[in-house]
Amino acid sequence: MSVLSNPAGLALPIASRIKLFMALSRTPHGLLDMATPALAALLWLGTIPSVDVVVLGLITAFAGYTAVYALNDVVDYRADREKIRECGLNCTSGDLDSVYARHPLAQGLLSLKEGIVWTAAWGMVALIGAYLLNPACAVIFILGCVAEAIYCLMLRLSYLRVLVSGGVKSAGGIAAVYAVMPNPSAPFLVAFFLWLFFWEIGGQNVPNDWSDMDEDCRLRAETLPVKFGAEGSAKVILGSLVIAVLMSVALYWLTPARLSAIYFAGAVPAGLILLIMPAWRLYVEKQPALASVLFNRASYYPVTMFTVILLSAII
């Protein structure tokens, strides 16, 4: 049976249905991404925020990532169906974004209406939470959702959509800074934005598109790997991640928090092991499977850096 012929709304056990919605929102990946706003607040304050901010922040962050990841599949619904119909369902072994199922809407495992309702519900929770933290956070969330939709709609228009992706992934961290400080310093914000921006481009977006390059070529999609091939993509990935690691070091002097030398002892090895080393191997060998390895390893970078910042703030 074709993956597209599975009717939505099957009488599945509740646990299985929940897993499909979690697949729609790529919950395992979203949970890792929640470390980004947490490290942002910690990096600015140098200490854990008040309990009420932590609780509201966690709820808001979970709802926000759940909504935005689901929004990606909702906006890409027709494009994903076409890709599956023309190229089949490409699920790389160990792919973090395919833990439960890949593109459950496009497969017909969930209906489009269910996807829209799920996305809107979590989006509303995130919007309310963001507003309660700081109205500026709500504005950033709305802009992030609009940017995510634009990113999806640019699939066949321009490879420059990668820049939009970098902005979307930076939004959560920037919003978290405003949640704990209404007027953060511009130099810190710029460095923090560039850190996340280049991590997303080099460690997430371009490696992910590299894994889908054959399918994207057949569908005439405009992605950076399709435009510049393996050689150009490898250079962009490596260069972006070098900048990201350098920005992580620069933040030590730009944050108002008093961090110990543990920051350097953790941040530099984390950047080398999770980003630079797999990027260099991909640059040398240029194998699509290594792009997936880099994507998965780079996904653990925010939670690793959160641990580094926490330890350097309290010790």
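**Close-up A. Lys286 pairs with Glu231 in a salt bridge, with 3.4 Å between the closest N and O atoms.** Here a salt bridge means a side-chain nitrogen of Lys or Arg within 4 Å of a carboxyl oxygen of Asp or Glu. Lys286 sits in the loop between helix 13 (262-285) and helix 14 (288-299), and Glu231 in helix 12 (residues 224-254), so the contact ties together parts that are 55 residues apart in sequence. Helices are DSSP runs (H or I, at least four residues), numbered from the N terminus. Both ends are partly exposed: Lys286 at 24% relative accessibility, Glu231 at 38%. On this scale buried is under 20% relative accessible area, exposed is over 50%, and partly exposed falls in between (1.4 Å probe, protein chains only).

A word on the model before moving on: it is predicted, so local features need pLDDT of at least 70 and side-chain atom pairs count only at pLDDT 80 or more, while totals for chains, interfaces and linings use all residues. Residues are numbered from 1 along each chain as its sequence is written, and side-chain values use heavy atoms, with hydrogens and water left out.

**Close-up B. Asp33 and Lys169 meet through their side chains in a salt bridge of 3.6 Å, N to O.** The pair links distant parts of the chain, with Asp33 in helix 2 (residues 27-33) and Lys169 in helix 9 (residues 161-180), 136 residues apart. Asp33 is buried, with a relative accessible area of 1%, and Lys169 counts as buried too, at 13%.

**Close-up C. Arg102 and Asp212 form a salt bridge at 3.1 Å, N to O.** Look in the loops for this one: Arg102 is in the loop between helix 5 (77-87) and helix 6, Asp212 in the loop between helix 10 (186-211) and helix 11 (213-218), so parts 110 residues apart in sequence get tied together. Both Arg102 and Asp212 are buried.

**Close-up D. Helix 1 (residues 14-24) has Arg17, Leu20, Phe21, Ala23 and Leu24 buried.** Looking down the axis of helix 1, the buried residues fall within an arc of 155°, so they line one face of the helix. That arc is taken over the directions from the helix axis to the C-beta atoms. An α-helix has 3.6 residues a turn, so residues three or four places apart point the same way. The partners that the buried residues of helix 1 pack against are helix 4 (51-75), helix 6 (104-107) and helix 7 (112-133), where contact means heavy atoms within 4.5 Å.

**Close-up E. Arg26 and Arg220 are two non-glycine residues with positive phi.** Arg26 lies in the loop between helix 1 and helix 2 and is buried, at 15% relative accessible area. For Arg220, phi is near 60°. Arg220 is in the loop between helix 11 and helix 12, and is exposed at 61%.

**Close-up F. Val51, Val55, Ile59 and Val125 make up a nonpolar surface patch with about 340 Å² of accessible area together.** Helix 4 supplies the largest share, three residues. Val51, in helix 4, counts as exposed at 66% relative accessibility. Patch members have over 30% relative accessible area and no salt bridge; nonpolar side chains (Val, Leu, Ile, Met, Phe, Trp, Tyr) are joined within 5 Å, like charges within 9 Å. Areas come from the Shrake-Rupley method with a 1.4 Å probe, and for residues only the protein chains shown count as cover.

Terms used
Helix = DSSP H or I, 4+ residues; strand = E, 2+ residues; numbered from the N terminus.
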